[in-house]
Amino acid sequence: MAVERAKQGDPEGIHFLYVRFAPDVRRYVASIVGSSHEAEDIAQNVFAKLVTAIERYERRETPFAAWILRVARNAALDHLRVKRALPAADIDELTGGSYQDWNERGMLLWSALRGLPADQREVLVLRHIVGLSPGEIARRLEKTESSIHGLHHRGRRALCASLTESGASPVVAASASG
């Protein structure tokens, strides 16, 4: 079987898997990212990493086709998270201010984040900077989703209090209904 050959480092096994599954991976990734050019790049990266990642594949858990598509899905979602644009115009409308103000606020935010317990800080960064969902964070940190929600809530509350105390209270957007 090609998977076993690939796991043993046989280039022909990897080549066979590429020829067999690359078109499916490209189509699937394109359906997620919306661009055939980006899908081609992501698929190439998936197969480039396959040489080392294939060691984690266990036949008894899932068929190889499902496993490689899950790997491709994760790569596509990671790509979208990195690519996601920040609504800078919305932020400018809410806050105004000069570069110096932004720099000062950034330093205060960094200081407030450092003051949080490590687990709360990690959840806040993964949620708001990296863009992971609570379920994804729970899997990554090997915790329950409810514990992630608790850490997120306590972390945000403590961060807000710290920023308010330092005179850099968070800006809150007006609700859409009001």
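Predicted model: local features only at pLDDT ≥ 70, side-chain atom pairs only at ≥ 80, totals over all residues.

Me: Which residues of α8 and α9 meet?
Reply: On the α8 side they are P134, G135, I137, A138 and L141, and on the α9 side E145, I148 and H149. By class, this contact divides into five nonpolar, two polar and one charged.

Me: Where is E142, and why is E142 called exposed?
Reply: E142 sits in the loop between α8 and α9. Its relative accessibility is 75%. Exposed means over 50%, so E142 counts as exposed. Its backbone deserves a glance too: phi of E142 is near 55°, a positive value in a residue other than glycine.

Me: Now into α9. Is H152 buried or exposed, and how do you know?
Reply: H152, which lies in helix α9, has a relative accessibility of 16%. The cut-off for buried is under 20%, so H152 counts as buried. Leaving aside neighbours within four places in sequence, H152 is in contact with V123, L124, R127 and H128.

Me: What about G115: where is G115, and is G115 buried or exposed?
Reply: G115 is found in the loop between α6 (99-114) and α7. The relative accessible area of G115 is 66%. The cut-off for exposed is over 50%, so G115 is exposed. G115 and L159 are 44 residues apart in sequence, yet their C-alpha atoms are 8.4 Å apart in space.

Me: Let's turn to the second largest pocket. What is its volume, and which residues are closest to its centre?
Reply: The volume of the second largest pocket is about 820 Å³. It is lined by 24 residues, and R70, V71, N74, A75 and D78 are the closest to its centre. The elements giving two or more residues to this lining are α3 (36-53), α4 (64-83) and α8.

Me: Which element gives the most to that lining, and how do its residues divide by class?
Reply: That is α4, with 10 residues. The lining as a whole has nine nonpolar, four polar and 11 charged residues.

Me: To finish, how many helices and strands does the protein have?
Reply: The protein has nine helices and zero strands, so a helix needs at least four residues in its run to be counted here. Buried residues make up 29% of the 178 residues. Of the contacts with a separation of 6 or more, 56% are between residues 24 or more positions apart.

Terms used: Residues numbered from 1 in each chain as written. Heavy atoms only, no water. Contact = heavy atoms within 4.5 Å. Nonpolar A, V, L, I, M, F, W, Y, C, P; charged D, E, K, R; others polar. Buried < 20%, exposed > 50% of the residue type's maximum accessible area, 1.4 Å probe, protein only. 1 Å grid on protein atoms, 1.4 Å probe; cavity = no way out; pocket = protein on both sides within 12 Å on 5 of 7 lines; lining within 4 Å. Points joined across faces, edges and corners; volume = space filled by probe spheres on them.
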